[in-house]
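The exercises below are meant to be worked with the structure open beside the text. Try each task before reading its solution.

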Amino acid sequence: MAKSKRKILLHVCCAACLAYSYKILSAEGFEVIAFFYNPNIHGRSEYDKRLKDVVSTCDKLSVKLIIPKYDIQEFFEEIFPYQQQKSLKYVSDPERFKKKRCTLCQNLRLSMTVSEAKKKRFHYFSSTLLVSPFRNHSEIINQAIDLSLNRNIKFFYRDFRKGYFLGRNYSRANKLHLPRYCGCVDSLEERILE
Ligand code: SF4
C-alpha cells in the first residue's frame with residue numbers, strides 16, 4: 001500500500017511566492033495545503049486580485065486551498081494599541097513602530113496558520129513569508145519556532161528566498177498580478193513615497 005504523504009499547511013501571501021515554495025515542499029514529499037490568510041491587505045480589490053491568482057495557481061498545481069474570511073479589523077486590532085498615544089504600548093518613534101507593525105503582522109498570520117493546522121490535525125506548517133528577501137527573515141524563523149514549540153507542531157524551514165525572482169518570473173509568464181506593495185495601507189503609502 002502506498003505510504004500517505006505528510007501534510008503541510010502553507011501560509012500563502014500571493015501566487016508568485018506560492019509557486020516556488022510549492023515546488024520545494026512537494027520535492028520534499030509533502031502534500032501541500034495552502035492557507036490564504038492575509039487580513040493585512042489594504043483594499044478589497046487588491047485582496048481579490050491576489051486571491052484570484054492564488055486560486056488559479058492552486059487549481060493548476062492541484063493544491064487544496066483554505067480561504068478564511070477577510071476581515072481587516074483583525075490586523076488593525078493587533079497594531080492599534082501601538083498607535084494610540086494614551087496606550088501603555090504606544091510606540092512614538094516611526095521607525096520602531098514600523099518594525100513593531102511588521103512583527104505583529106507576521107505573527108498574526110503565522111499564529112492563525114498554526115491554529116488552522118492544529119484544527120485540521122496537520123503535523124507541519126510553513127509560510128511563503130520566507131520567500132521575500134525584503135522581510136526580516138530571521139525574525140520570521142524565530143516567530144515560527146516559538147509557535148512550533150508553544151503549540152506543539154512542526155515548523156518546516158527552507159530558505160525560500162532563492163526562489164523570489166523565479167516566482168516573479170512565473171507571475172509574469174502567467175500574466176498574474178504582481179503586488180506592488182507588501183500589503184497594509186502604510187506599506188502602500190511608503191511605496192508611493194519611495
Ligand atoms: S509592511 Fe507588510 S509585513 Fe509589515 S505590516 Fe505592512 S503588510 Fe504587514
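**Exercise 1.** Which residues of α5 are buried?

*Solution.* The coordinates come from a predicted model, and the burial test asks for 20 or more other C-beta atoms within 10 Å of a residue's own. Going along α5 with this test in hand, one finds that Ile140, Gln143, Ala144 and Leu147 are buried. Viewed down the axis of α5, these buried residues fall within an arc of 95°, so they line one face of the helix.

**Exercise 2.** What span does α5 reach from its first C-alpha to its last, and what is expected at 1.5 Å a residue?

*Solution.* Helix α5 runs over residues 137–151 and has 15 residues. Its span from first to last C-alpha is 21 Å, which is close to the expected 21 Å. Just after α5, Asn152 takes a positive phi of about 55°.

**Exercise 3.** Which helix supplies the largest share of the shell around the ligand?

*Solution.* Begin with the residues that surround the ligand, among them Asn40, Arg101, Cys102, Cys105, Gln106 and Cys182. Both α4 (94–119) and α7 (185–193) supply at least two residues of this shell, and the largest share, four residues, comes from α4. Sorted by class, the shell has four nonpolar, four polar and two charged residues.

Key
Residues are numbered from 1 along each chain as its sequence is written. This is a predicted model: local features need pLDDT of at least 70, side-chain atom pairs count only at pLDDT 80 or more; totals for chains, interfaces and linings use all residues. A residue is near a molecule or strand if its C-beta atom, placed from the backbone, lies within 6 Å of it. Ala, Val, Leu, Ile, Met, Phe, Trp, Tyr, Cys and Pro count as nonpolar, Asp, Glu, Lys and Arg as charged, and the others, Gly among them, as polar. The expected span of a helix is 1.5 Å times one less than its number of residues. A residue is buried if 20 or more other C-beta atoms lie within 10 Å of its own, exposed if 12 or fewer, and partly exposed in between; C-beta atoms are placed from the backbone. The arc is that of the directions from the helix axis to the C-beta atoms.
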